[in-house]
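Open the model in your viewer and keep the selection tool at hand.

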Amino acid sequence: MKDIYQKLAAFAGSRKFYYLVVALFVLEGSWIALSSHYPMAFDEAYHFGLIRLYAQHLSPWWHGQPTGADMFGAVYRDPSYLYHWLMSFPYHLISHIFHETIGQVIALRLINVAIFASGLVLLRQLLLKATKSKALVNIVLLFLVLTPVIPSLAGQINYDNLLFVVVPGALLLAVLFTERLRKKQLDLKLLTSLAILCLLASLVKYAFLPIFLVIVVFVLLNLYQAYHKTGRRLGHELAVAYKGLSTLTKFGLLAGLIISSVLFLERYGLNAVRYHTPLPECNQVLSVERCLSYSPWQRNHNILLSKGLPGSGTIHFSSVTFTQHWFFVLYRTMFYVLNGPDSGYSVGEPLLLPAVVAVLVLVVGLICLLRYGRRIFQANSARILLAAVIVVYAGMLWLQNYTDYLHLGQPVALQGRYLIPILAPTYLLLGIGIVWALRRHRQTQVILAIIVIALFLQGGGIITFLIRSDDTWYIQGSPSAHINNAIRPVAQHLVVGK
């Protein structure tokens with residue numbers, strides 16, 4: 001029996017298992033892309049519309065608000081634009097091949113699946129810096145792709161898919177730089193690449209800014225530890241490192257740093273000077289009348305006008321009750337599926353076992369982290385970095401949501417998909433805590449992993465979509481719609497607690 005457990009543990013840590021996880025994800029995301037009616041939820045029409053807009057404009061910069069763009073907000077001052085601008089280039093080719101909207105959408109969706117899959121590759125390399133257990137990392141990736149919101153997001157047009165790539169990429173560069181720093185190697189190429197990536201990642205989505213802040217503090221603290229009271233001279237080593245670079249590398253890094261800095265300052269810096277905030281509201285840039293064409297701003301504007309009136313929907317939360325509501329909504333929306341506006345955003349509720357297992361793992365993992373936290377984080381800077389990113393990112397998300405609630409009187413824009421950048425690191429740290437608690441019971445670890453995976457498969461990933469959807473969710477008349485309808489009754493009989 002012991003040999004069986006060892007073989008199972010070895011298989012979980014193998015590249016074959018990892019490839020199966022990636023293949024499962026690609027299958028899930030591609031099926032969502034091929035079968036889902038356009039537009040899906042998560043603002044797919046908004047992102048597709050902006051891609052089309054940028055396809056008419058070669059430069060990422062605008063001299064003013066583009067004509068007919070008010071439905072997308074204050075486009076020319078929005079700092080979260082890099083995804084749309086980059087996607088406009090493949091759209092040029094796609095639009096010549098597919099003349100119907102649905103063909104263009106499916107092609108762009110499949111590109112998004114590929115983008116997200118590349119993030120899984122970087123994510124695995126990052127997580128392996130925080131643990132030597134390849135089995136644990138592979139299982140974490142499996143749980144990630146089985147979280148229902150993941151294939152739903154990856155299979156549609158959305159800038160969160162590119163964010164999923166740049167976050168682990170930036171964190172991995174930060175870890176690699178500090179590893180070499182501890183070996184008394186100042187890698188200027190890595191440091192400059194990290195700066196370039198962070199500046200550009202901030203233009204994919206402004207939500208990267210808290211992660212940018214954590215990376216800056218992390219790198220500075222490691223530089224301080226490496227040079228303070230050690231006799232090493234930072235300026236001298238920078239000069240030596242610069243001289244050691246080839247001319248082509250120097251030119252490439254300098255050009256990349258200048259371009260990324262200019263792009264960053266053109267949005268965040270100019271916004272700060274002109275509007276006294278790096279993230280101006282729509283009505284700070286455009287008139288109220290024009291901003292009413294932008295549905296998120298219109299929603300908030302209408303809520304604010306009716307705040308406190310009878311039937312307005314105003315809710316009275318304390319900070320504690322808001323936090324409880326916040327946790328519940330974000331947890332629920334990670335395990336449900338959501339259709340697009342054409343069906344009134346109909347919700348497919350979470351299936352029982354994955355949702356319950358997630359809570360149990362969270363509770364047990366947190367208890368283990370609290371119990372063994374000092375030893376778990378001791379002398380492992382990658383774990384410390386991941387924990388800091390989780391705390392700061394989640395804290396800033398909570399603060400933004402709570403501030404919006406205080407302003408509007410209603411909680412708005414609470415979505416579990418906003419946690420996707422920190423989801424895998426969270427899963428990993430919880431897993432490390434549980435493994436640490438069971439470090440003397442290897443067989444128990446294997447048995448527990450098998451049980452949790454088996455329960456998570458009872459509705460995880462695309463299964464929630466298959467069971468909870470109906471004809472209004474599908475591309476009408478497509479073969480995928482017929483296949484979904486054929487699979488649904490079979491899946492309903494196999495899944496417990498449907």
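The tour below visits the core, a surface patch, a histidine and the cysteines.

Before you start, note that this is a predicted model, where local features need pLDDT of at least 70 and side-chain atom pairs count only at pLDDT 80 or more, while totals for chains, interfaces and linings use all residues. Residues are numbered from 1 along each chain as its sequence is written, and side-chain values use heavy atoms, leaving out hydrogens and water.

**The core**

Select Phe 25, Leu 127, Leu 171, Phe 208, Ile 215 and Leu 428: these touch the most other members of the largest nonpolar core, which has 140 residues. A nonpolar core here is a set of buried Ala, Val, Leu, Ile, Met, Phe, Trp, Tyr and Cys residues joined through side-chain atoms within 4.5 Å. Buried means under 20% relative accessible area, exposed over 50%, and partly exposed in between, using a 1.4 Å probe and protein chains only.

Now colour helix H8, residues 160–182, which gives the most to this core with 14 residues. Helices are DSSP runs (H or I, at least four residues), numbered from the N terminus.

Which residues surround Leu 171? Beyond its neighbours within four places in sequence, Leu 171 is in contact (heavy atoms within 4.5 Å) with Leu 126, Ile 211, Ile 215, Leu 385, Leu 386 and Val 389.

A second, separate core has 9 residues, among them Ile 32, Met 40, Val 337 and Phe 465.

**A patch on the surface**

Next, select Val 359, Leu 362, Val 363, Leu 366 and Ile 367, which make a nonpolar surface patch of about 400 Å². Patch members have over 30% relative accessible area and no salt bridge, with nonpolar side chains (Val, Leu, Ile, Met, Phe, Trp, Tyr) joined within 5 Å. Zoom in on Ile 367 in helix H17, residues 352–377; with 53% relative accessibility, Ile 367 counts as exposed.

**A buried histidine**

Move to His 47 in helix H3, residues 44–55. His 47 counts as buried because its relative accessibility is 1%. Apart from neighbours within four places in sequence, its contacts are Phe 42, His 84, Ile 157, Asn 158 and Tyr 159.

**The cysteines**

How many disulfides does a search of the whole structure find? The search finds 1, a disulfide being a pair of cysteine sulfur atoms within 2.5 Å. Show Cys 282 and Cys 291, whose sulfur atoms are 2.2 Å apart. Their S-S torsion is about -100 degrees, so the disulfide is left-handed. Both Cys 282 and Cys 291 are buried.

Finish with Cys 198, buried at 1% relative accessibility, and Cys 368, buried at 10% relative accessible area.

Technical notes:
Helices (H or I, at least four residues) and strands (E, at least two) are DSSP runs, numbered from the N terminus. Patches are made of residues with over 30% relative accessible area and no salt bridge: like charges are joined within 9 Å, nonpolar side chains (Val, Leu, Ile, Met, Phe, Trp, Tyr) within 5 Å. Accessible areas come from the Shrake-Rupley method with a 1.4 Å probe; for residues, only the protein chains shown count as cover. A salt bridge is a side-chain nitrogen of Lys or Arg within 4 Å of a carboxyl oxygen of Asp or Glu.
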